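Subject: Handover of a structure and its side-chain pairs

Dear colleague,

Please find below the structure that I am handing over to you. My notes on its charged and aromatic side chains follow it.

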Amino acid sequence: MALLLRWLVHSACHVLGYRPEEGNNKHDHVVGLQAVTNKVFMEEKETSSGSGFQMPLHYPRYTKVDYEEMEEWKLDLLLSQYGLCFNGTLEEKRAFAMGAFLWA
């Protein structure tokens with residue numbers, strides 16, 4: 001088990017670009033890995049977009065009849081939840097939503 005953990009830490013250090021100095025102990029290696037991991041996490045946080053968009057986990061469960069009767073504001077909201085921006089008439093939005101979300 002210890003050998004597996006050592007291999008995992010070594011591989012993670014290699015991927016993250018951490019090169020320990022010669023003669024350090026095992027504890028320094030783990031502390032260095034934590035520092036590199038925190039640095040990578042902070043860089044990702046700084047470069048991420050500020051839009052706050054998160055893709056929903058599931059497709060909407062509407063039927064074709066639901067889309068045909070859906071009001072425009074509800075279609076706009078549904079499309080925006082999935083990061084889709086569609087400008088068009090109400091019928092074009094309905095057809096687009098049905099094509100994007102219906103599987104039948």
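**Salt bridges**

R94 and E91 form a salt bridge, with their closest N and O atoms 3.0 Å apart. The term salt bridge stands for a side-chain nitrogen of Lys or Arg within 4 Å of a carboxyl oxygen of Asp or Glu. In general, side chains of opposite charge can pair when their charged atoms come close.

Before going further, please note that this is a predicted model, in which local features need pLDDT of at least 70 and side-chain atom pairs count only at pLDDT 80 or more, while totals for chains, interfaces and linings use all residues. Residues are numbered from 1 along each chain as its sequence is written, and side-chain values use heavy atoms, with hydrogens and water left out.

R94 and E91 are three residues apart in helix α5, so about one helical turn separates them. Helices (H or I, at least four residues) and strands (E, at least two) are DSSP runs, numbered from the N terminus. R94 is buried, at a relative accessible area of 12%, whereas E91 is exposed, at 52%. Here buried means under 20% relative accessible area, exposed means over 50%, and partly exposed lies in between (1.4 Å probe, protein chains only).

How many salt bridges does a search of the whole structure find? The search finds three.

K93 forms a salt bridge with E72, and the closest N and O atoms of this pair are 2.9 Å apart. Because K93 lies in helix α5 (residues 90-101) and E72 in helix α4 (residues 72-81), the pair ties together parts that are 21 residues apart in sequence. E72 is partly exposed, with a relative accessible area of 35%, while K93 is buried, with a value of 7%.

K93 also meets D76 in a salt bridge, at 2.8 Å from N to O. D76 lies in helix α4 and K93 in helix α5, so this pair ties together parts that are 17 residues apart in sequence. The relative accessible area of D76 is 31%, which makes D76 partly exposed.

Which residues do salt bridges with shared partners join into one network? The network consists of E72, D76 and K93.

**Surroundings of K93**

Contact means heavy atoms within 4.5 Å. Leaving aside residues up to four places away in sequence, K93 touches E72, L75, D76, F86 and G88.

**Aromatic pairs**

The structure holds three aromatic pairs, and two of them are described here. Rings of Phe, Tyr and Trp (its six-membered ring) pair if their centres lie within 6.5 Å; planes under 30 degrees apart count as stacked, over 60 as edge-to-face and the rest as tilted.

The ring centres of Y62 and Y67 are 5.6 Å apart and the planes stand at 70°, so the pair is edge-to-face. Y62 is partly exposed, at 29% relative accessibility, whereas Y67 is buried, at 0%.

The rings of F86 and F96 have centres 4.6 Å apart and planes at 15°, so this pair is stacked. The pair links distant parts of the chain, with F86 in the loop between α4 and α5 and F96 in helix α5, ten residues apart. F86 is partly exposed, at 24% relative accessibility, and F96 is partly exposed, with a relative accessible area of 32%.

Yours sincerely
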